[in-house]
Amino acid sequence: MAKGAAAANSGKPAPPKRPMSAFFQYKKDMLDEVKKKNPDKKITELTKMVGEMWKKADEETKKKYEKLSEKNKEDYDTAKRSYEDEHGKIEKKKRNRKKEESEDEEEEEDHEEEKKRSKRGRKKKD
């Protein structure tokens with residue numbers, strides 16, 4: 001299912017997206033620069049590098065991104081209230097189907113094991 005497809009099915013527009021944390025905003029701003037300096041690295045390695053940069057960043061830089069994050073949170077809260085006033089409470093996303101399928105398979109396997117055990121028990125009685 002594509003993004004927003006659930007909203008399209010319900011007739012509601014997609015709810016506002018949650019704001020990024022200070023670190024994720026920093027990562028968004030710094031990732032291209034880090035990629036240019038390290039074109040051979042994987043995204044996981046680049047993210048670790050940005051994480052190290054964040055840890056070493058001065059207080060002024062961190063405060064800048066924390067203020068931005070707080071402002072984005074306030075904007076999100078306003079947009080969320082407006083959305084909920086117009087369209088009702090935002091529904092939580094449904095669980096991942098793959099996880100549900102694997103749980104169903106586990107239940108089936110458990111059920112099959114129980115059948116085998118009960119058959120073994122019957123054979124011993126006969």
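Which ring does the charged end of Lys-62 sit over? Select Lys-62 and Trp-54: the charged end of Lys-62 sits over the Trp-54 ring, 5.5 Å from its centre. That label needs NZ of Lys or CZ of Arg within 6 Å of the ring centre and within 35 degrees of the ring normal.

Before moving on, a word on the model: it is predicted, so local features need pLDDT of at least 70 and side-chain atom pairs count only at pLDDT 80 or more, while totals for chains, interfaces and linings use all residues. Residues are numbered from 1 along each chain as its sequence is written, and side-chain values use heavy atoms, with hydrogens and water left out.

Tyr-26 belongs to helix α2 (residues 22-37) and Trp-54 to helix α3 (residues 43-56), 28 residues apart. Helices here are DSSP runs of H or I, at least four residues, numbered from the N terminus.

Stay on Tyr-26 and pick Tyr-65. This pair is edge-to-face, at 5.3 Å and 90 degrees. Tyr-65 lies in helix α4 (residues 59-87), so the pair ties together parts 39 residues apart in sequence. Both tyrosines are buried (under 20% relative accessible area with a 1.4 Å probe, protein chains only; exposed is over 50%, partly exposed in between). Tyr-26 comes in at 6%, and Trp-54, also buried, at 13%.

Last stop: show Phe-23 and Phe-24 too, and ring pairs link them with Tyr-26, Trp-54 and Tyr-65 into a cluster.

Note on methods
Helices (H or I, at least four residues) and strands (E, at least two) are DSSP runs, numbered from the N terminus. Rings of Phe, Tyr and Trp (its six-membered ring) pair if their centres lie within 6.5 Å; planes under 30 degrees apart count as stacked, over 60 as edge-to-face and the rest as tilted.
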